[in-house]
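I opened this notebook to record what I looked up in one structure. The entries are brief and follow the order in which I took up each topic.

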Amino acid sequence: MQAPRGRNVCLIGFICYAFPRPPIHVMKTIKPLSAALERQISWEQILSSVEDGVITLDRSGKVSFFNEAAEMLTDLAASRAMSLSFLRIFRKETWLVELIKKSFPPTQESARGEGDLVSRWGKKVPVGVTVSPLLEPDGSCLGSILLVRNLTHHKELEEDLKRADRLAMVGTLAAGLAHEIRNPLGGIKGAAQLLRRSLDPDSSLLEYTNIMNREVDRVNLLIEQLLDLSRPAKLEIVPINIHQVLEEVLSLELKTEAGPTVYVKKRFDPSLPLIRGDRNRLTQVFLNLVKNGHQAMNGSGTLTITTRLETDRHVRGQGAGRSRFIWVEIADHGIGIKDEDLLHIFSPFFTTKNSGTGLGLAVCYWIIKEHGGIIRVESVEGKGSTFKVSLVVAD
Ligand SMILES: Nc1ncnc2c1ncn2[C@@H]1O[C@H](COP(=O)(O)OP(=O)(O)OP(=O)(O)O)[C@@H](O)[C@H]1O
Ligand SMILES: [Mg+2]
């Protein structure tokens, strides 16, 4: 967060320009300003505390100020960014370069846009950017100012709403179909059992009756999972120790899915409080997540499970007020998820596996939502994925 001292006057001008009618949160910053100045708080310090990224460019397009939020958003230290041209910093973000160019002569216009910032590690952060020219009183160009807002949370909420709609639709459809399908399935299973009884014990046809039985069970399970999405899960909420649930999941999973070369690293916070949850449902969630992690690593690699207490208090659920919550993170070094798939993985029937149903994550999403929690994913194709689940701490 460096800026040459002489630029302070300019920065005051930038703020007036950037916030012609200050929104409430800006007013809060501006009100104690005179007091702040009395206490010799510099403009750099004030701008450093702004939650949005603030970047100023001089008239040659080089960075002259880069606040802390800008460092976080770009994954770039201010000391490195200073004096670099915006063309270099945003070389992967052509949409942003075009936007910034508008604030320089000959156009010298303000412009807004939305797009992704791509970090050095390939991680994408959705942002909204406002670019404005910095002008001398005589109208000559001093440079440009960028206000960069992180839209991740906003986009996640939008996606949550769309997902809830899709799930509600699938649920209604499933509830209608389930009844119609279950009856004939019962008939097929009964007929297969009668057939089995009438066959010689050494008949080669016996195997076919086994297949019929197995497949009927598979379809029944599918219908059960679909119904899970349609009816509000009846949760039996009690205070539970999430570490016990995770240990149980790991012992179940290691017996079945994991190959001999899967290593599980547990980074459990021993001081974690009990959470509010339905033990069976949460076992189902973490079993799905751990299974997906193993499958993504093709049975070999390290799966890291981390638990931690969130230090912030957040507003959750309808009318739930403010509560404390914990995070469980399951990270694999598997194949990762393509950007274009990330939007769909929680949708019912989305699968990239030959034998997958694509219902695992949709069910997880629903169960966690019913718990008043959140489920999120971060993934880089070819590097791995981290699924994060938040759950509310028991009173
Ligand atoms: N840890 C992961 N790494 C990479 N891709 C994943 C991971 N978890 C989920 N996915 C992607 O999300 C898709 C949906 O996952 P989901 O668990 O819902 O269904 P599935 O695993 O394909 O099938 P099922 O759970 O019925 O066996 C997967 O097919 C895969 O493409
Ligand atoms: Mg799965």
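The entries below go from the whole chain to the ligand shell, and then to selected helices and residues.

**Entry 1. Conventions and confidence**

I noted that this is a predicted model, in which local features need pLDDT of at least 70 and side-chain atom pairs count only at pLDDT 80 or more, while totals for chains, interfaces and linings use all residues. Residues are numbered from 1 along each chain as its sequence is written, and chains are lettered from A and ligands numbered from 1 in the order in which they are written.

I looked up pLDDT, the predictor's confidence in each residue on a scale from 0 to 100. The protein chain has a mean pLDDT of 83, with 84% of its residues at 70 or more.

**Entry 2. The chain as a whole**

I recorded 14 helices and 14 strands in the protein chain. These elements are DSSP runs numbered from the N terminus, with helices being H or I of at least four residues and strands E of at least two. Of the 395 residues in the protein chain, 26% are buried. The burial classes rest on C-beta atoms placed from the backbone: a residue is buried if 20 or more other C-beta atoms lie within 10 Å of its own, exposed if 12 or fewer, and partly exposed in between. Among contacts between residues at least 6 apart in sequence, 65% join residues at least 24 apart.

**Entry 3. The shell around ligand 1**

Which residues are closest to ligand 1? I found Ala296, Thr351, Gly356, Gly360 and Leu361 to be the closest of the 23 residues that surround it; a residue is near the ligand if its C-beta atom, placed from the backbone, lies within 6 Å of it. Helix 12 (279-296) and helix 14 (360-370) each supply at least two residues of this shell. Helix 12 gives the largest share, four residues.

By class, I listed eight nonpolar, 12 polar and three charged residues in the shell. Here Ala, Val, Leu, Ile, Met, Phe, Trp, Tyr, Cys and Pro count as nonpolar, Asp, Glu, Lys and Arg as charged, and the others, Gly among them, as polar.

**Entry 4. Helix 12**

I then checked the length of helix 12. Its 18 residues, at 1.5 Å a residue, should span 26 Å, and the end C-alpha atoms are 26 Å apart, which agrees; the expected span is 1.5 Å times one less than the number of residues. The buried residues of helix 12 include Arg281, Phe286, Asn292, His294 and Ala296. Ala296 is also one of the residues closest to ligand 1. Just after helix 12, Asn298 takes a positive phi of about 55°.

I also looked at Ile237, in the loop between helix 10 (206-230) and strand 6 (238-240). Leaving aside neighbours within four places in sequence, Ile237 is in contact with Arg276, Gly277 and Asp278. Ile237 counts as partly exposed because 16 other C-beta atoms lie within 10 Å.

In helix 8 (residues 94-102), I found Leu96, Leu99 and Ile100 buried. Seen down the helix axis, these buried residues fall within an arc of 95°, so they line one face; the arc is that of the directions from the axis to the C-beta atoms. The face turned away from the buried side carries the exposed residues Thr94 and Glu98. The cover over the buried residues includes helix 7 (86-89), strand 3 (111-118), strand 4 (124-135) and strand 5 (141-150).

Most residues other than glycine have a negative phi, and most peptide bonds are trans. I noted a cis peptide bond joining Pro105 and Pro106, with omega about 5°. Pro106 is in the loop between helix 8 and strand 3. Gln108 lies in the loop between helix 8 and strand 3 and has a positive phi of about 50°.

Definitions and conventions:
Contact = placed C-beta atoms within 7 Å.
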